[in-house]
Amino acid sequence: MMAPDAMAPLVRAGAGLERRAFLRLAGALVAAGCVPAGCGGVPSRWQPGPAVRLRVLSPRAYATFSAAAARIVGPSGGAMIEQRVVDVASVADGLLARAPALAGPLGQALAVLEFGVWPLVAKIRPFTGLGPHAQDAVLDDLMRSRWTLKRQLVGGVRSLALLAFYTQPQSRVISGYPGPFGSERIPIGAAMVGAADTS
Amino acid sequence: MAARLAADAVVIGTGAGGAPVAATLAEAGMDTLVLEAGPRIGTDDFTGEEGEMMARLYRLDVAPGSGMALYAGECVGGSTVINDALCFRPPPEILDEWVDAYGLGALAPSALAPFVEQAWHDVHAEPTDRAHTSRNAARLAAGAERLGWSGNATPRNVIGCANLGLCNLGCPTGAKQSTLLTYVPRAERAGARVLAGTRAERILIEGGRVRAVEVVIVDPTTRAVRERARVETPLVCVAAGVLGTPALLQQSGLRAGDGVQFHSSLHVTARFAEPIHGYYGPTMAYAVDELSDVNGHAGPGVMIESVSAHPVATAGALPGFGAAHEALMRRLAHYARALVVIRDRTRGRIGSDGAVDHTLEASDLERLRAGMAAAARAYLAAGAIEVHVPVSGSVPLRTDADCARFAADPLAASALTSLYAVHLFGGARMAARPDAGVCDERGACFGVRGLYVADAAGLPSSTGVNPQITIMANALRIGAAVVHEARTA
């Protein structure tokens, strides 16, 4: 189950970001149109498809989130995101629509991830325009930072990416989770004391 | 024009507080209308799918000062639909404290005991036997045993549990005896009307008496307001939960919201060489109470409880990203998890708009750190390869020395990557005097005739154990008092 703790990392990062005046400024810049909300210059693989109806995220935030999530969940999941087998950004958009307190800070965090430059974010080009290794370097720098702000910034995006990806049944080929009611190979009883080992 | 309804009594909420009161009033012959803000979702509609059920059954709030997620069930059955089915009798030390500090003689252990046993029976609390012992729970139990720590399989309110591990997504087999399957049907059999998707917005009080409740009817999916209505009634029992009751009272002109307390919680995740399949089995079934400060224990106030290891929660708890994180997730079957839950000392406040003002005190942070270190020690004693703790920049704990170092290092609040609470208390507490609380020991609000608080908001402090039985017992007691007063009035 998505136990309550599943959302907790996201809430924790979101609450931390909410307190940051810097991010509120970023949000104001986005709202004022000083930061592009459209997808000009963004590789098409990250852009929302024509059928996508976004409730919270801008098209640019959708693209930034898709690109970041593809690096965060790892190569197998990343390929699913890139090939649109899983639309994590739409899932995230739905989650944020139900948690308005998180939508603002997370949207602002995505704007900073996309447009932020050194020394805040270790890059000078938009995140979606970077190659995979450069994107990994940006995420790694943020996660290892001594600055709480930088860790919270990437922590919120990371939590949302993992949440959006691992709620999807397609992710089970990675985790091996048999689904809520067991499978022929891993029945419910395999989890109980006295059962034979089944991996 | 708003629709108008009428009832002898209105109960607001269908969880561990509201449903027992509703059943008590209805069975006493009172025309009872029960309001529930969330939708009514039956057992057949519990799909076990994480994202879907979380969206349909849960209410999520945030305590920004602590960076804490606060959860409650928002559906018919309330949090009893999404809890882990654990049943604990209220610890005598806590009840004694309520008597001594707040003058609540009616909650003395001997006075409350009949209601506790009634609740225990009504929801079919029973010991957890070997057939319901998961490998996940057994690893924590083995660790506790090797360390010589006190721990026990925990009683649960289930009949014929199928070990699906879906307690907190809505039990799809109907095994868990939530109020959705116990007190709510009892109330309805006795004639109570349950209005789901109906949120109380204000209690109208005139001349020191309850007159009516203003409500809105909301869309079950979007929760958008569809219609307004007014229920004429001389008697209201509020049980909207700690995230609802204090705000509703304030919106109705009463002073409330102070003294809110939580059981702050986080998880540790242990990897074993052998498969655990921690996503199945009872979501919780074993508790280490060695570090507890209730039920005769003199520890710092920490419980360690086995908890399911489902994909989403586990993914968030594992460190790193990219290929390294994927490699960890490919071992999902090998993880066991434990909840570290503390009896907080921190108190906060809930405003009339529902905003939560709460900043975790340093002593509670210390408890969380001690709990994480202890849980890690237990798992390592049980043979775990490594244990992950939700602390930014931490490395997996692999030895007792690692645990000792972790326990000794200062822990900054900002370093915690996960923190939440589902056990919430206070905000409209009972007390002997109006200057010390919102309502008296009968749950009757000071200065207002016909208004009662019947949920965890009325409890003066946290209980130190999973609280559903305490809340139900208190609600049964208040329901009996309301019936007695209605008959003698």
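Trainee: Which residue has a positive phi in the turn of the hairpin that strand 11 and strand 12 of chain B form?

Mentor: This is a predicted model, in which local features need pLDDT of at least 70, side-chain atom pairs count only at pLDDT 80 or more, and totals for chains, interfaces and linings use all residues. Residues are numbered from 1 along each chain as its sequence is written, while chains are lettered from A and ligands numbered from 1 in the order in which they are written. Helices (H or I, at least four residues) and strands (E, at least two) are DSSP runs numbered from the N terminus. The hairpin has 6 residues between its strands, and the turn residue with a positive phi, about 65 degrees, is B:Arg223.

Trainee: Over how many bridges do strand 11 and strand 12 of chain B pair?

Mentor: Two strands pair if DSSP finds at least two bridges between them. In this case B:Val216 has B:Arg228 in strand 12 as its bridge partner. Strand 11 (residues 209-218) and strand 12 of chain B pair in the antiparallel sense, over 7 bridges.

Trainee: What is the sense in which strand 1 and strand 12 of chain B pair?

Mentor: B:Leu5 has B:Val231 in strand 12 as its bridge partner, and B:Ala6 stands opposite B:Glu232 in strand 12 of chain B. Strand 1 (residues 3-6) and strand 12 (residues 225-232) of chain B are joined by 4 bridges, and the sense is parallel.

Trainee: Which residue in strand 19 of chain B is the bridge partner of B:Asp258?

Mentor: Strand 14 (residues 258-262) and strand 19 (residues 348-350) of chain B pair in the antiparallel sense over 2 bridges. The bridge partner of B:Asp258 is B:Arg349.

Trainee: Is B:Ala190 partly exposed or buried?

Mentor: B:Ala190 sits in the loop between helix 7 (183-189) and strand 9 (193-195) of chain B. A residue is buried with 20 or more other C-beta atoms within 10 Å of its own, exposed with 12 or fewer and partly exposed in between, C-beta atoms being placed from the backbone. B:Ala190 has 17 such atoms within 10 Å, so this residue is partly exposed.

Trainee: Leaving aside its neighbours within four places in sequence, which residues is B:Ala190 in contact with?

Mentor: Two residues are in contact if their C-beta atoms, placed from the backbone, lie within 7 Å. B:Ala28 is 162 residues away from B:Ala190 in sequence, with 8.4 Å between their C-alpha atoms. Apart from those sequence neighbours, the contacts of B:Ala190 are B:Ala23, B:Ala26 and B:Glu27.

Trainee: How far apart are the C-alpha centres of domain 1 and domain 2 of chain B?

Mentor: Domain bounds come from an automatic or database domain assignment. Domain 1 of chain B covers 3-124 + 170-259 + 425-488, and domain 2 covers 126-158 + 265-343 + 361-418. Their contact takes 16 residues from domain 1 and 16 residues from domain 2. The C-alpha centres lie apart by 31 Å.

Trainee: Turning to chain A, what percentage of its residues is buried?

Mentor: Chain A has 9 helices and 0 strands. Of its contacts with a separation of 6 or more, 63% join residues 24 or more positions apart. Among the 199 residues of chain A, the buried part is 55%.

Trainee: Which helix of chain A gives the most to the side that touches chain B?

Mentor: The contact takes 54 residues from chain A and 58 residues from chain B. On the chain A side, elements giving two or more residues include helix 1 (8-18), helix 3 (59-72) and helix 7 (132-144). The most, 8 residues, comes from helix 8 of chain A.
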